[in-house]
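Reader: I would like to learn how to read a model of this kind, moving from single residues to the whole chain. Could we take the features in turn, with the general idea before the particular case?

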Amino acid sequence: MANNPNPVARARISIGSATDAFTEAALAADTYTQIKHVRSVPGFGDSFQDITVEEVDDPRTRHAKGTANGATMEIVCTRKDTDPGQIKAIAASKSYQSFNLKIELPTADGDFDVSYHSVLVMSANTGNGGPNDTQTRTFSCQPQEAPIEVPAA
């Protein structure tokens, strides 16, 4: 078997409805709109708070894992005011509800791994630059649940 790395090219990010039930079945049944012109696919996953305990009769600091926190996901796109996915994500940024997000990542054999997320779209900022840059739109998404990952069949 060849040692083929998993590419990012061909990845897709889509936004669904406001999160109702965060189950694999409910998320798979949602209707999603692809956010097009994506320049950068965000990483995702939980980090845990470090809990420390120091006791006078123990010369070591002891550690435990506390609450989990999903890292903010930044989706950077070329700004396209007519893209239905960007329009839907902008609307989600004005809402106080969490929305379903689906990320499809290609595998080395041409299939797609799927991850589902419940996110608050915290902002939809327009980015500029210099004369040889194009405008961007960055959607800052804060996960509310641990991702549900579905490997390619």
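Reader: In which strand is the place of Met122, and is Met122 buried or exposed?

Author: One begins with the element that holds the residue and then turns to its surroundings. In this predicted model, Met122 has its place in strand 8, and its relative accessible area of 54% is over the 50% cut-off, so Met122 counts as exposed. Leaving out residues up to four places away in sequence, Met122 touches Ser140 and Gln142.

Reader: How many residues has the largest nonpolar core, and which of them have the most contacts inside it?

Author: In soluble globular proteins, nonpolar side chains tend to be buried together. In this model the largest nonpolar core has 15 residues, and those with the most contacts inside it are Ile15, Ile75, Leu101, Val121, Phe139 and Cys141. At least two residues of this core come from each of strand 1 (12–18), strand 6 (73–78), helix 2 (84–93), strand 7 (99–106), strand 8 (112–127) and strand 9. Apart from this core lies another, of five residues, among them Tyr32, Val114, Tyr116 and Ile148.

Reader: What does Ile15 touch, if residues up to four places away in sequence are not counted?

Author: A list of contacts shows which parts of the chain meet at a residue. For Ile15 the list includes Thr31, Tyr32, Thr33 and Ile35, as well as Gly85, Lys88, Ala89 and Ala92, and also Phe99, Asn100, Leu101 and Val121. Ser14 lies in strand 1 and is buried at 5% relative accessibility; its contacts, counted in the same way, include Tyr32, Thr33, Gln34 and Ile35, together with Asn100, Leu101, Lys102 and Glu104.

Reader: Where is Thr136 found, and what does Thr136 touch?

Author: Thr136 is found in strand 9 (residues 136–143), where its relative accessible area of 11% makes it buried. Setting aside residues up to four places away in sequence, Thr136 touches Arg39, the run of Val76, Cys77, Thr78 and Arg79, and also Asn125, Thr126 and Gly127.

Reader: What pattern does the protein follow along the sequence, and why is it described as more spread out than a compact globule?

Author: For the whole chain one reads the order of elements and then the overall dimensions. The secondary structure comes to two helices and 10 strands, in the pattern β-α-β-β-β-β-β-α-β-β-β-β. The radius of gyration is 19 Å, well over the 15 Å that the globule rule gives for 153 residues, so the protein is more spread out than a compact globule. Its C-alpha atoms fill a box of roughly 65 × 45 × 40 Å along the principal axes, and 32% of the 153 residues count as buried.

Notes:
Residues are numbered from 1 along each chain as its sequence is written. This is a predicted model: local features need pLDDT of at least 70, side-chain atom pairs count only at pLDDT 80 or more; totals for chains, interfaces and linings use all residues. Side-chain values use heavy atoms; hydrogens and water are left out. Helices (H or I, at least four residues) and strands (E, at least two) are DSSP runs, numbered from the N terminus. The radius of gyration is taken over C-alpha atoms; the globule rule is 2.2 Å times the number of residues to the power 0.38. Buried means under 20% relative accessible area, exposed over 50%, partly exposed in between (1.4 Å probe, protein chains only). Contact means heavy atoms within 4.5 Å. A nonpolar core is a set of buried Ala, Val, Leu, Ile, Met, Phe, Trp, Tyr and Cys residues joined through side-chain atoms within 4.5 Å.
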